[in-house]
Amino acid sequence: QRQMCIRDRINLVCQKNQIILDPFLGSGTTGLAANELGIDFIGIESNQEYFNIAKKRLEKIVYQKNLFI
């Protein structure tokens with residue numbers, strides 16, 4: 001549900017040719033939402049534990065996209 005809320009907010013303020021910069025990546029929810037909307041995303045995370053969580057979540061969508069190329 002949180003991802004849907006973030007996706008709706010991104011959709012209100014961003015266009016497809018823009019890039020979202022998330023300086024507090026956390027678990028990667030903003031990146032997942034941006035991906036669903038086809039918007040490029042850059043995430044920054046200083047906490048290694050959160051970085052690993054986000055990396056794992058985001059790698060799943062990259063892998064899934066590659067299955068259909």
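**Ground rules.** I am working on a predicted model, where local features need pLDDT of at least 70, side-chain atom pairs count only at pLDDT 80 or more, and totals for chains, interfaces and linings use all residues. I number residues from 1 along each chain as its sequence is written, and side-chain values use heavy atoms, with hydrogens and water left out.

**Overall layout.** I find three helices and two strands in the chain, in the order α-β-α-β-α from the N terminus. Helices (H or I, at least four residues) and strands (E, at least two) are DSSP runs, numbered from the N terminus. Of the 69 residues, 28% count as buried. The chain exposes about 5,400 Å², and carbon and sulfur atoms supply 54% of that; the areas come from the Shrake-Rupley method with a 1.4 Å probe, and for residues only the protein chains shown count as cover.

**Tyr50 again.** I place Tyr50 in helix H3, residues 48-67. Leaving out residues up to four places away in sequence, Tyr50 touches Gly26, Ser27 and Glu45, where contact means heavy atoms within 4.5 Å. From C-alpha to C-alpha, Tyr50 and Phe24 are 9.7 Å apart in space and 26 residues apart in sequence.

**Helix H2.** I checked how enclosed this one is: seven of the nine residues of H2 are buried, so the rest of the structure largely encloses it. The buried ones are Thr29, Thr30, Gly31, Leu32, Ala33, Ala34 and Leu37. Just after H2, Gly38 has a positive phi of about 75°.

**Thr30.** I then picked Thr30, in H2 (residues 29-37). Thr30 counts as buried because its relative accessibility is 18%. Its side chain makes a polar contact of 3.5 Å with that of Asp22; such a contact is a pair of N or O atoms within 3.5 Å, and within protein one must be able to donate a hydrogen and the other to accept it, while residues adjacent in sequence count only if both atoms are side-chain atoms. Beyond its neighbours within four places in sequence, Thr30 is in contact with Ile6, Ile10, Ile20, Asp22 and Phe41.

**Ile42.** My last stop was strand S2 (residues 40-43), which holds Ile42. Ile42 is partly exposed, with a relative accessible area of 44%.

Notes. Buried < 20%, exposed > 50% of the residue type's maximum accessible area, 1.4 Å probe, protein only.
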